[in-house]
Amino acid sequence: NIYIAHTHPTFHDFEGKLTGGILFLQDITRAVQRKNSFIIKVGFSAALFYILSFIVIYIYFQRIIADVVRKGKEKEEAEQRAVNQSLYLHSILNSSVNTAICATDNKLRINYFNREAERIFNIPATEVMGRSINEIHQENSQIQTSHIKDLMGLVKKTGSHHFTLNPGKYMNAIVEARISTIVSHDGRFSGFLLLGHDITEKIKIQEEHSILKEKLLKSQKMESIGLMAGGVAHDLNNILTGVVSYPEFLLKSLPESSEFREPINTILDSGKRAAAIVADLLTLAQGIAAPRTTKNLNSLIIEYLNSVEGKALFSRYPNIQCNTDLDPELMNISCSHVHIRKAIMNLVINGLEAINSQGSLTITTRNQMITNSIRDNGFLKQGQYIVMSIIDTGNGIDEKDIEYIFEPFYTTTEVGKGTGLG
């Protein structure tokens with residue numbers, strides 16, 4: 001059996017020493033047996049509760065962990081899709097778009113610069129990424145920082161602005177550009193976006209088209225003038241036949257001492273000059289009025305300078321020196337020497353009249369091979385040419401007259417002094 005011992009009360013002497021006491025023994029066998037049974041039941045219940053709680057907690061945490069893993073995976077997949085889309089868009093903007101794209105943040109720092117922008121602005125993206133536009137343009141003396149500030153202020157007010165950029169230190173093309181503001185989803189200003197298109201080839205085509213159109217108009221004008229000149233020349237030829245031929249008949253029948261010989265000679269000379277003008281008109285109209293012969297241009301120049309009329313002309317300009325630099329190996333040409341001589345005379349007269357008081361006039365000749373690489377006139381074919389230059393130290397031809405100098409009869413000479421180069 002199981003007992004509990006009770007030692008109370010106890011007895012002590014006057015000094016406080018234990019001298020004895022009463023001992024009670026209580027039999028608690030049955031109580032202990034009932035308690036043990038209760039403890040076992042309670043312990044089993046607690047153990048079962050703990051196991052069930054652990055299972056519930058385990059399942060709950062498993063779900064939490066699974067949810068966290070799923071969300072993390074979804075986030076990772078979303079980030080990867082965003083990266084792939086960004087790379088795809090970057091590839092498109094770099095490879096497939098013929099537009100220069102430059103984007104900045106709200107402090108004008110460049111954060112995007114595509115391949116077309118690299119080509120147009122002639123600068124790699126690595127040199128501009130993260131740098132301020134002001135900092136970049138400070139290196140270009142053609143553009144002041146204040147201009148950039150004014151432009152950005154205008155774009156902020158209007159939202160966008162169109163303009164044209166011409167070739168400079170950075171750019172190697174003519175660029176048609178549009179700059180606009182970038183606004184975030186919540187309406188805040190985030191930066192600027194510049195889109196640029198290379199229009200160099202377009203401008204070139206437009207200029208070529210304009211030149212061709214101008215040449216066509218001139219060609220049509222020349223054709224009209226030629227038709228008119230041809231008609232006038234044929235009519236004048238019929239009239240001049242009598243003016244030139246009859247004085248010759250009269251002179252043959254008149255004695256040398258006749259007082260009528262001088263006025264008749266004057267009529268004959270005037271008729272011949274008129275016939276020469278008609279020949280010029282026919283040359284303009286058909287190009288066949290005068291026969292072509294083989295001549296050396298140097299000989300024609302020297303012949304004119306040593307002629308009576310050439311010497312008389314230079315005698316009127318004593319303060320002007322005439323110089324020549326003629327190529328001794330100059331090749332011959334097939335030409336109407338009468339008209340070439342007239343061209344030399346008129347160019348010399350024009351040069352002398354252009355010099356106010358004192359100066360020089362220089363005549364040079366040389367052989368010239370025209371190739372496609374140096375051809376700058378559409379009517380010149382590839383081949384061997386002769387070049388004659390008559391250069392004076394005068395003021396030159398006014399800019400407003402340059403485009404008309406090859407038009408027949410156009411002149412700036414005073415009325416009564418002829419048409420000069422016209």
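A salt bridge here is a side-chain nitrogen of Lys or Arg within 4 Å of a carboxyl oxygen of Asp or Glu. A search of the whole structure finds 11 of them.

This is a predicted model, in which local features need pLDDT of at least 70, side-chain atom pairs count only at pLDDT 80 or more, and totals for chains, interfaces and linings use all residues. Residues are numbered from 1 along each chain as its sequence is written, and side-chain values use heavy atoms, with hydrogens and water left out.

**Confidence**

pLDDT is the predictor's confidence in each residue, from 0 to 100. Its mean over the protein is 77. Of the residues, 74% reach 70 or more. Helices (H or I, at least four residues) and strands (E, at least two) are DSSP runs, numbered from the N terminus. Confidence is lowest in strand β2 (residues 10–12), with a mean of 57. It is highest in helix α7 (residues 297–305), at 93. Where pLDDT is low, the predicted coordinates should not be read in detail.

**Salt bridges**

| Pair | Closest N to O |
|---|---|
| Lys71 and Asp67 | 3.5 Å |
| Asp105 and Arg109 | 3.0 Å |

Asp67, Arg70, Lys71 and Glu74 are linked in a network of salt bridges. Lys71 and Asp67 are about one helical turn apart, because four residues separate them in helix α1. Glu74 and Arg70 also lie in α1, four residues apart, again about one turn. An α-helix has 3.6 residues a turn, so residues three or four places apart point the same way.

How covered are these side chains? Buried means under 20% relative accessible area, exposed over 50%, and partly exposed in between (1.4 Å probe, protein chains only). Lys71 has 48% relative accessibility, so Lys71 counts as partly exposed. Asp67 is partly exposed at 27%. Glu74 is partly exposed with 41%. Arg70 is partly exposed at 41% too.

Asp105 is buried, with a relative accessible area of 15%. Arg109 is partly exposed, at 36%.

**Leu108**

Leu108 sits in the loop between β5 (100–104) and β6 (110–113). Its phi is near 65 degrees, a positive value in a residue other than glycine. Leu108 counts as buried, because its relative accessibility is 12%.

**A nonpolar patch**

Ile57, Tyr60, Phe61, Ile64, Ile65, Val68 and Val69 make a nonpolar surface patch of about 680 Å². Patches are made of residues with over 30% relative accessible area and no salt bridge; like charges are joined within 9 Å, and nonpolar side chains (Val, Leu, Ile, Met, Phe, Trp, Tyr) within 5 Å. Accessible areas come from the Shrake-Rupley method with a 1.4 Å probe, and for residues only the protein chains shown count as cover. Val68 lies in helix α1 (residues 29–95). Val68 counts as exposed, because its relative accessibility is 55%.

**Helix α5**

Helix α5 (residues 200–253) has 54 residues. The expected span of a helix is 1.5 Å times one less than its number of residues. Where does α5 bend? The bend is at Ile239, by about 35 degrees. Such a bend is the angle between axes fitted to the seven residues ending there and the seven starting there. The buried residues of α5 are Ile225, Gly226, Ala229, Gly230, Ala233, Leu240, Val244, Pro247 and Leu251.
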